[in-house]
Amino acid sequence: MSQPVPVLSGVPQGSVLGPSLFLLFINDVSNIFDDLAVSFKLYADDIKLYSCYDVTSSGDTLSVAITRLCEWSDIWQLSIAVQKCFTCSICSYKSNAHSPRESYMINNTVLPSVNCVKNLGVIVDCRLKFDAHKSLIVRKAMLRERLILQCFSSRNKDLMMRAFFTYVRPILEYCSPVWSPHLKYFT
């Protein structure tokens with residue numbers, strides 16, 4: 001049993017109760033976006049803010065949401081890792097990819113704009129396509145397959161199948177329902 005420690009800010013890490021306490025600690029973050037047309041997703045200690053708007057209209061609701069999030073984090077003494085923050089504009093295939101995007105800031109730092117986003121291990125690009133993700137998992141599976149062939153001197157069929165099912169197949173099947181129904185183009 002560990003000794004009691006006074007916690008002045010945040011939540012102790014590595015504890016069994018820590019994740020539940022953290023969720024209680026950040027439970028009110030959703031209230032700061034109530035009057036804005038901004039949606040958000042929380043996962044552990046990450047938050048993703050997103051908003052839908054036409055290219056001709058201003059996306060200032062997202063800027064307001066980011067400002068409110070910064071103010072909320074200052075009040076609760078939770079620092080934002082600005083170096084891990086970025087923006088990604090999802091747009092249709094027909095829109096111009098080089099059109100000027102609004103820049104967003106946190107603590108006087110302009111957030112970089114990216115074309116691909118990794119979300120829970122799945123990479124999606126600004127056109128909502130999974131080409132980069134598929135390339136990455138195929139590359140990982142091929143590397144793992146080569147490693148199996150280098151490490152196992154036996155070429156026993158059952159051993160090779162078991163190694164494939166254990167080490168390669170999970171890479172190929174992870175989140176496959178997300179990207180598997182791909183687009184089919186007709187000529």
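**Figure 1. Overview of the chain.** From the N terminus on, the elements of the protein chain follow the order α-β-β-α-β-β-β-β-α-α-α, in a model that is predicted. Counted by type, the protein chain has 5 helices and 6 strands. Of its 187 residues, 21% are buried, and the accessible surface of the chain comes to about 14,300 Å², with 59% of that area belonging to carbon and sulfur atoms. Among contacts with a separation of 6 or more, 51% are between residues 24 or more positions apart.

**Figure 2. The largest nonpolar core.** In soluble globular proteins, nonpolar side chains tend to be buried together. Here the largest nonpolar core has 18 residues, and those with the most contacts inside it are Val 29, Ile 32, Phe 33, Leu 69, Trp 72, Ile 106 and Leu 111. Helix α2, which covers residues 60-75, gives the most to this core, contributing 6 residues.

Figure 3. If neighbours within four places in sequence are left aside, Leu 69 is in contact with Val 29, Ile 32, Phe 33, Ile 47, Leu 49 and Ile 80. A second, separate core has 12 residues, including Val 122, Ala 141, Ile 148 and Ile 171.

**Figure 4. Aromatic pairs.** A pair of aromatic rings is described by the distance of the centres and the angle of the planes. The structure holds 3 aromatic pairs, one of which joins Phe 25 and Trp 76 in an edge-to-face arrangement, at 5.4 Å centre to centre and with 75° between the planes. This pair links distant parts of the chain, since Phe 25 lies in helix α1 (residues 18-25) and Trp 76 in the loop between α2 and β3, 51 residues apart. Trp 76 has a relative accessibility of 34% and therefore counts as partly exposed. In the pair formed by Phe 164 and Phe 165, the ring centres are 5.8 Å apart and the planes stand at 65°, an angle over 60 degrees, so this pair is edge-to-face as well. Phe 164 is partly exposed, with a relative accessible area of 34%, and Phe 165 is partly exposed too, with 40%.

Figure 5. A disulfide is a covalent bond between the sulfur atoms of two cysteines. A search of the whole structure finds 0 disulfides. For Cys 116, the nearest cysteine sulfur is that of Cys 126, 7.1 Å away, and Cys 116 is in no disulfide. Cys 116 counts as partly exposed, at 37% relative accessibility, whereas Cys 151 is exposed because its relative accessible area of 57% is over 50%.

Key. Residues are numbered from 1 along each chain as its sequence is written. This is a predicted model: local features need pLDDT of at least 70, side-chain atom pairs count only at pLDDT 80 or more; totals for chains, interfaces and linings use all residues. Side-chain values use heavy atoms; hydrogens and water are left out. A nonpolar core is a set of buried Ala, Val, Leu, Ile, Met, Phe, Trp, Tyr and Cys residues joined through side-chain atoms within 4.5 Å. Buried means under 20% relative accessible area, exposed over 50%, partly exposed in between (1.4 Å probe, protein chains only). Helices (H or I, at least four residues) and strands (E, at least two) are DSSP runs, numbered from the N terminus. Contact means heavy atoms within 4.5 Å. Rings of Phe, Tyr and Trp (its six-membered ring) pair if their centres lie within 6.5 Å; planes under 30 degrees apart count as stacked, over 60 as edge-to-face and the rest as tilted. A disulfide is a pair of cysteine sulfur atoms within 2.5 Å. Accessible areas come from the Shrake-Rupley method with a 1.4 Å probe; for residues, only the protein chains shown count as cover.
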